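Subject: Handing over the two-chain model

Hi,

Here is the structure I promised to pass on to you.

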Amino acid sequence: MANISLIPCGDFKTRYAADTTIFPTTTSRNFAILGVLLLLLCPAFMDRYWLNLCIQIGYLGIAALGLNILVGFTGQISIGHAAFFGFGAFSSAWLSNSFGIPVALAIPLAGVMTTAVGMLFGIPAARLKGLYLAIATLAAQYILQDFFARADWFTGGTAGTIAEPFTLFGFAFDTDESYFYVVLVYMVVMFILATNLMRSRDGRALVAVRDHYLSAEIMGINLTKYRTMSFGISSFYAGIGGALYAHYLQFVSVEGFTILFSIQFLGMIIIGGLGSIMGSLMGTAFMVLLPEVMQAITTALSGTAIDAALNLKDAIAFLREMAIGLVIILFLVFEPDGLAHRWKQIKAYWKLYPFSH
Amino acid sequence: MTLLFQLLVNGLIVGALYGVVAMSFVLIYKASRIVNFAQGEFLLIGAWTCWWLLTSWQLPFWIGFPITLAFMMVFGIVLQVVVLRPMIGEPIISVIMVTIGLSIFFQAMMKWMFGVFAKPFPTIFASPTVNILGLDVQTVYVMSLVISLLIMAGFGWFFKYSRMGLAMRATAFDQQVAQSLGISVRHMFAMSWAISAMVSAVAGVTVGVVNGVSSALSFFGIKVFPAVILGGLDSVAGAVLGGLIVGVLENLAHYLDSQWLNWGNMYEIAPFYVLIVILMIKPYGLFGTKDIERV
């Protein structure tokens with residue numbers, strides 16, 4: 001059968017390969033390529049403010065995707081993702097500062113180091129599940145946070161550490177315009193890797209562990225191996241995301257990687273959709289834009305009676321946290337499958353347009 | 001040596017409070033199988049409510065405190081009915097995430113309403129310290145220990161003799177059987193949240209009287225995890241013991257640290273190392289029931 005450009009009516013496939021393509025149709029592939037090309041043009045017409053937001057969405061999106069592989073695809077909850085994100089940031093800065101490793105190489109190496117740490121904390125995951133695991137990762141969050149504050153040789157202690165700018169062949173990517181491309185390249189690569197992982201035997205094994213781990217074990221899937229592996233992969237993504245963050249800001253402070261940040265990561269994947277690759281990105285965008293929207297609303301309301309009554313200017317930080325909590329709860333109660341599900345429904349509506357029932 | 005003894009006494013007192021909070025955590029878990037990450041916020045809300053009644057309304061303690069408890073009871077029921085009831089039957093990740101969402105929502109709300117700085121309670125006792133066995137112990141500490149013991153005894157009585165306590169145990173044991181015996185399971189869920197919120201509020205007010213009220217109170221909700229895991233997630237007695245052990249342990253760690261190690265911050269972090277070790281060796285804790293799964 002030749003490649004078809006639109007999804008046919010019905011779902012008839014004769015080979016497994018046809019069921020697991022990256023892009024279901026040629027059109028969707030072309031759209032994805034077009035989207036990346038359009039993103040390439042972004043620095044030309046976006047101002048620094050929007051570029052900054054896009055870069056944030058990029059590196060946080062990579063880390064959120066990692067968490068989604070762990071939580072959404074493997075069903076192992078983790079409340080310590082920000083600590084791994086921070087570990088990646090510090091490792092990359094440490095590698096390039098102490099050993100003179102070029103940043104382009106230090107970022108993947110930081111990913112590998114974070115993987116090692118993630119696997120270490122993933123050992124309990126081999127035995128534990130559900131809420132016990134959640135509590136173990138909570139402990140990991142506090143232990144790593146304590147380690148950051150303590151390990152002067154690694155993180156610079158309370159003073160924080162400087163991270164070199166990203167350089168490649170003598171060209172320094174130290175402006176928002178140029179760093180945008182670095183993040184974009186990493187993002188595209190990491191997202192394609194994740195999509196491919198989910199098409200492979202290992203990816204299907206992860207989903208099987210999530211859906212019914214006893215059945216999965218009976219089918220010959222090694223639970224310990226796949227749970228630890230999932231932890232490793234998720235830490236790798238967190239490490240890469242963290243390293244990109246470090247070299248973007250060129251400074252890493254020990255204070256940023258709190259439990260609130262971890263919860264924000266969880267919020268991203270819940271809003272985007274658990275077990276959806278594109279959902280991770282949508283959720284990240286939502287979470288990054290949420291404070292900006294709130295800021296805009298506050299500015300619009302300034303001077304009005306509401307502003308006077310609530311003293312919005314001082315409260316904005318707390319309102320932001322409240323909004324994060326509220327959004328997580330509302331999504332879980334009303335739209336547990338997240339934005340990705342909503343997007344699918346919109347697509348389905350237009351596919352069947354005049355006769356949507 | 002006196003320092004060590006003093007720290008041990010402190011450990012027991014704080015540990016008893018951990019035990020109380022852990023008990024109310026276990027109560028919710030036993031009744032409705034929900035892991036409540038917002039337990040610390042119950043302490044926080046209770047303490048702030050009481051503080052607000054005592055300072056803004058100038059109520060005496062013996063009126064303000066019961067009002068706080070009544071408020072927390074309503075709060076617990078409303079929370080269960082509005083937020084947690086729709087989550088029945090959802091996967092465990094969703095339920096955990098809802099309580100995490102509640103936790104950061106209320107924490108931020110309390111910071112917004114009452115500010116980020118610790119505020120002292122109005123004085124409740126005339127004499128600040130009493131002398132027990134040659135040790136100067138603050139009166140509030142004695143009060144907190146007495147309150148903790150009272151709550152524990154109350155829990156013991158409640159689950160052993162009262163009608164509602166027995167109904168709750170039946171619900172925790174088997175919901176279908178309980179329902180067929182005429183127990184309203186929904187009612188029991190709501191009541192377990194109400195009682196848990198009330199008991200946490202008592203602990204919150206006690207800590208508030210000792211240390212002043214601030215958002216640091218919600219850290220109790222996190223410290224509860226080492227205690228309940230140590231004791232076993234579904235054991236009320238285990239929760240008390242776990243709380244005591246964690247309280248003593250963190251003070252011992254602090255002693256070791258201040259005397260020899262000088263690492264700093266051991267007081268905060270030692271329970272989490274213990275937590276990881278327990279999870280590796282004995283994930284179901286000292287008294288928890290082990291899940292047996294059949295296909």
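This is a predicted model: local features need pLDDT of at least 70, side-chain atom pairs count only at pLDDT 80 or more; totals for chains, interfaces and linings use all residues.

Let me begin with chain B. It holds 11 helices and 2 strands, and along the sequence these run α-α-α-α-β-β-α-α-α-α-α-α-α. The radius of gyration of chain B is 19 Å, close to the 19 Å that the globule rule gives for 295 residues, so chain B is as compact as a globular protein of that length. Taken along the principal axes, its C-alpha atoms fill a box of roughly 55 × 50 × 40 Å. Of the 295 residues in chain B, 48% count as buried. If you look at chain B contacts between residues at least 6 apart in sequence, 75% of them join residues at least 24 apart.

Now for chain A. An unreviewed UniProt entry carries the annotation "transmembrane region" for several stretches of this chain, among them 31-50, 57-79, 99-123 and 315-334. I checked two of these spans against the model. Residues 57-79 of chain A are 74% helix and 0% strand, with the end C-alpha atoms 20 Å apart. For residues 99-123 of chain A, the figures are 84% helix and 0% strand, and the end C-alpha atoms lie 30 Å apart.

Helix H2 of chain A (residues 26-45) may also interest you. Its 20 residues reach 29 Å from the first C-alpha to the last, close to the 28 Å expected at 1.5 Å a residue. H2(A) is hardly covered, as the count of buried residues among its 20 residues is 1.

Then there is the place where the chains meet. Chain B brings 33 residues to the contact and chain A brings 35 residues. On the chain B side, the elements giving two or more residues are helix H4 (92-114), helix H9 (219-231) and helix H11 (266-281). The largest share of that side comes from H4(B), with 15 residues. By type, the chain B residues that touch chain A divide into 27 nonpolar, 3 polar and 3 charged.

Leaving aside residues up to four places away in sequence, Phe318(A) touches Ala108(B), Lys111(B) and Trp112(B). Phe318(A) is partly exposed, with 18 other C-beta atoms within 10 Å.

Best wishes

Notes: Residues are numbered from 1 along each chain as its sequence is written. Chains are lettered from A and ligands numbered from 1 in the order in which they are written. Helices (H or I, at least four residues) and strands (E, at least two) are DSSP runs, numbered from the N terminus. The radius of gyration is taken over C-alpha atoms; the globule rule is 2.2 Å times the number of residues to the power 0.38. A residue is buried if 20 or more other C-beta atoms lie within 10 Å of its own, exposed if 12 or fewer, and partly exposed in between; C-beta atoms are placed from the backbone. Two residues are in contact if their C-beta atoms, placed from the backbone, lie within 7 Å. UniProt positions are given in the numbering used here, feature names are shortened, and annotations may be inferred rather than shown by experiment. The expected span of a helix is 1.5 Å times one less than its number of residues. Ala, Val, Leu, Ile, Met, Phe, Trp, Tyr, Cys and Pro count as nonpolar, Asp, Glu, Lys and Arg as charged, and the others, Gly among them, as polar.
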